[in-house]
Amino acid sequence: MKNKYLTSILTICMVSLFLCGTVWAEKISLEDIKISTVGQKVELPVLLDSAPGGIAGYKFTTSFAPAGVAQVSSVTMPEWAGIKVVEGTPGEKVLVSALDLEMKVEAGTGQVQICTLGIEGLYEGVATLTLDITEITDDNGNPISAELSPATITVGSQTTAPVPVQTPQSSSPPAPTPEVTPEIQENNPVVQVTPPVTPTPVPTVVADFTAQLQEGSAPMTVFFTDNSTGYPTKFMWDFGDESSDNTSPLQNPQHIYRIPGVYTVSLTASNSEYTNTTEKIGFITVKPMHLPVRGAKNNVTIFSVPDGAEVYLNNAYQGVTPAFLTNLTSRDYQLRLHKEGYYDVVSPISILDDVLPTFISGFVMMPHLAEIGALSANPPQTGAAYIVSYPELVNVTIDDTPVGKTDIMVMNLAVGTHNLTLQKEGYEPWNDTLEIKNGLAVIQTYHYEEPYFSLNRTVEYVQYP
């Protein structure tokens with residue numbers, strides 16, 4: 001019973017989807033025409049009833065059934081077509097293709113003329129003209145679902161199947177004499193007309209492409225456009241940055257370059273017989289991310305490891321760590337941290353405008369043995385680390401000890417390699433290392449992309465203090 005119920009639901013969904021697709025399909029109209037005499041030519045407009053998303057281009061091939069009654073003698077392309085291709089005229093199988101390079105057919109346009117076919121009568125009879133549509137897309141690259149109404153072509157006074165071949169009496173060049181294969185039906189002899197068919201040659205493919213943007217700052221989204229000739233049907237892109245989405249089989253893809261660099265892009269395009277690859281060296285240039293201006297740096301939070309150290313600015317007592325100091329004047333200050341059992345930390349700090357809204361400093365205090373008379377004659381060599389992140393307020397842990405939040409200057413770190421962990425809710429934790437050098441501050445800047453992707457980092461050393 002349960003299986004029957006599920007089957008019924010699936011059947012209803014499939015029927016609904018089919019009906020929806022039918023309702024929203026566009027229509028290509030071909031009118032029935034009558035050609036009075038063999039050799040006469042009549043124009044037949046090909047019309048698309050509407051183009052809600054505009055028209056980027058189309059490609060189709062004409063066919064007649066049965067063959068030998070009429071052919072396409074000429075094709076008149078619309079004025080909006082920037083690229084026009086017609087192959088096989090005069091003939092029954094004619095390839096017609098066009099591209100709207102300047103987007104003259106705007107989204108929401110009503111009836112659009114695709115082209116006008118010149119139809120020439122070859123032999124008296126009745127045939128059906130059909131367009132075998134291989135491609136028709138809108139301005140966004142999406143395929144347009146189009147229903148086709150075939151046209152009935154009547155040559156001479158015939159209204160039924162073609163009759164035996166007659167020699168056309170006109171000024172046009174005589175058509176080749178077709179092979180006649182008689183088939184005897186009961187009380188109604190009918191002659192089948194089978195004219196020779198010339199196969200349409202497959203064009204050679206030449207791959208080519210352009211990009212909407214070739215230079216910018218990371219992360220940089222680039223929209224690529226296929227400009228290949230030869231009507232390729234398969235594509236393979238290589239964007240050159242060795243990312244997880246470095247390739248694409250789409251005709252007009254987009255790609256995000258997340259790491260600064262210069263990248264070579266290649267496109268391989270192919271049709272049923274030919275394949276061609278075009279490579280453009282150094283085609284995309286991605287610059288480092290532009291760092292935003294933070295604002296005024298007039299607030300300071302002082303951390304120490306361990307906390308509880310007395311804080312003095314220019315010998316004025318400010319409280320104990322962690323200490324949040326506000327409304328400071330932009331200038332240089334002498335900072336001193338004092339805690340029993342540890343060396344005093346003495347360091348200059350600068351309060352500057354137009355850099356950061358909050359300057360957070362962390363200091364690792366060095367223990368001494370003054371209480372038992374074993375003063376250290378050679379304090380360890382130290383350096384500093386300045387950790388910056390976009391976005392801000394990322395928790396910083398050095399060697400399993402929390403030292404505060406970004407942006408943070410951690411002073412008096414022992415020379416050598418330290419483990420660094422950055423953590424912020426909604427983002428993937430970032431594990432890294434700090435390489436501390438004597439008398440230098442290492443500046444490590446981290447960029448995140450929501451929700452979890454760690455985008456990039458930079459490392460720089462400066463003299464301090």
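Predicted model: local features only at pLDDT ≥ 70, side-chain atom pairs only at ≥ 80, totals over all residues.
The chain has 465 residues, of which 40% are buried. Its secondary structure consists of one helix and 36 strands. Among contacts in the chain with a separation of 6 or more, 63% join residues 24 or more positions apart.

In soluble globular proteins, nonpolar side chains tend to be buried together. In this model the largest nonpolar core contains 38 residues, and Tyr 58, Cys 115, Leu 117, Ile 119 and Ile 153 have the most contacts inside it. Two or more residues of this core come from each of strand E2 (33–35), strand E3 (41–48), E4, strand E5 (70–76), E7, strand E8 (112–121), E9 and strand E11 (151–155). The greatest share is that of E8, which gives five residues. Apart from this core lies another, of 24 residues, including Val 311, Tyr 333, Leu 335 and Tyr 390.

Once its neighbours within four places in sequence are set aside, Tyr 58 is in contact with Met 77, Pro 78, Trp 80, Val 96, Ser 97, Ala 98, Ile 114, Cys 115, Glu 135 and Ile 136. Tyr 58 also belongs to the lining of the largest cavity, together with Ile 28, Val 46, Phe 60, Ile 114, Leu 131, Ile 133, Glu 135 and Ile 136. The volume of this cavity is about 50 Å³, and a search of the whole structure finds one cavity of 30 Å³ or more. E4 and E9 each supply at least two of the lining residues, with E9 giving the most, four. By class the cavity lining has eight nonpolar residues, no polar ones and one charged residue.

Next come the open spaces. The largest pocket has a volume of about 1100 Å³. Its lining is made up of 34 residues, and Leu 99, Thr 225, Asp 226, Gln 251 and Asn 252 are the closest to the pocket centre. Strand E4 (57–65), strand E6 (83–87), strand E7 (95–99), strand E9 (125–137) and strand E16 (220–226) are the elements that give two or more residues to this lining. E16 gives the most, with four residues. The pocket lining divides into 15 nonpolar, 13 polar and six charged residues.

Asp 432 lies in strand E34, which covers residues 430–436. Buried means under 20% relative accessible area, so Asp 432 counts as buried at 17% relative accessibility. Its side chain makes a polar contact with the side chain of Tyr 446, at 2.7 Å. Besides Tyr 446, and leaving aside neighbours within four places in sequence, Asp 432 is in contact with His 418, Asn 419, Leu 420, Gln 444 and Arg 457.

Val 262 is found in strand E20, residues 261–270. Exposed means over 50% relative accessible area, so Val 262 counts as exposed because its relative accessibility is 56%. Not counting residues up to four places away in sequence, Val 262 touches Gly 282, Ile 284 and Thr 285. The C-alpha atoms of Val 262 and Glu 215 are 9.2 Å apart in space, while the two residues are 47 residues apart in sequence.

Note on methods. Residues numbered from 1 in each chain as written. Heavy atoms only, no water. 1 Å grid on protein atoms, 1.4 Å probe; cavity = no way out; pocket = protein on both sides within 12 Å on 5 of 7 lines; lining within 4 Å. Points joined across faces, edges and corners; volume = space filled by probe spheres on them. Nonpolar A, V, L, I, M, F, W, Y, C, P; charged D, E, K, R; others polar. Buried < 20%, exposed > 50% of the residue type's maximum accessible area, 1.4 Å probe, protein only. Polar contact = N/O pair within 3.5 Å; in protein donor to acceptor, adjacent residues only side chain to side chain. Contact = heavy atoms within 4.5 Å. Core = buried A, V, L, I, M, F, W, Y, C linked by side-chain atoms within 4.5 Å.
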